Amino acid sequence: MTFDDRYIVWLDIDNTLYSASSKISQAMGERIHAYFVELGWSDDEASELHHKYYTQYGLALRGLVRHHQVDPLDFDRKCDGSLPLEDMIKPDPSLRKLLQDIDRSKARVWALTNAYRTHAQRVLGILGVEDQIEGLVYCDYSLPNFACKPEPEFYENALKRAGVTDPTKCFFVDDSKINVEAAFKLGWGHCVHFCERGLEVVEGGKRKEIGAEIPNGFTAITHLEELRAIWKEIFVQQ
Ligand SMILES: [Mg+2]
């Protein structure tokens, strides 16, 4: 890999590049719940375990693979793969313009997601921004011991993939506070929490009001357009 000295932008995909108002997290939560029930747990047990694994591992699937030998690709097909995404999100010209306005002589633009490649590419394709993303680091469910956010290994692997030696060069935005915290702890330079206060999201099968948690030291934004001001140094000047 040739050395690339530019900054690098890491974009989370789900509930960051599209709004939580799309209710995709709710539909995802329902499918994951159904998957647990199909494995033989009662509704209550399924809810409890789903939430426990999400909290413990950042991803319910991680617990299912570790403790119950679930085939992650079967899970992905039945959960993310069965979402009617085309009915839930649509091409987003303002997102596209935002990404186009990142000065590519200064920064590369990559995506960093806990989803599998197929879901990530599907979302980017529907939003109409696939060609704006130069690299994709996804959760590789086909590996026996795959890592995911917020595990340090996942971020370290992302830097390796992109050939980044200096984490202060990273600009990162994610709707999950723990994912932002993890990047911050690893010395990622410009971490932003995308936080659509007042909207509702489903995490680990439980409904949660966004932004209800105690505020911390991160920059929090409610609209991606705010990045133009916060990350001024990497946007083309109008
Ligand atoms: Mg997200």
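1. Basis. In this predicted model, local features need pLDDT of at least 70 and side-chain atom pairs count only at pLDDT 80 or more, whereas totals for chains, interfaces and linings use all residues. Residues are numbered from 1 along each chain as its sequence is written.

2. Domains. The chain comprises domain 1 (7-19 + 89-234) and domain 2 (24-85), with bounds from an automatic or database domain assignment. Their C-alpha centres are 22 Å apart. Domain 1 gives 24 residues to the contact and domain 2 gives 21 (contact: C-beta atoms, placed from the backbone, within 7 Å).

3. Domain 1 side of the contact. Helix H7 (117-127) and strand S6 (200-203) each supply at least two residues, and the largest share, 5 residues, belongs to H7. Helices (H or I, at least four residues) and strands (E, at least two) are DSSP runs, numbered from the N terminus.

4. Helix H3 (60-68). Ala-60, Leu-61, Arg-62, Leu-64 and Val-65 are buried (20 or more other C-beta atoms within 10 Å of the residue's own; exposed, 12 or fewer; partly exposed, in between; C-beta atoms placed from the backbone). The buried residues of H3 pack against helices H1 (24-38), H2 (43-57) and H4 (72-78).

5. Positive phi. Gln-69, in the loop between H3 and H4, is a non-glycine residue with phi near 50°; Gln-69 is exposed, with 7 other C-beta atoms within 10 Å.

6. Cis peptide. The bond joining Lys-149 and Pro-150 is cis, with omega about 5°. Pro-150 lies in the loop between strand S3 (135-137) and helix H8 (152-162).

Technical notes
Contact = placed C-beta atoms within 7 Å.
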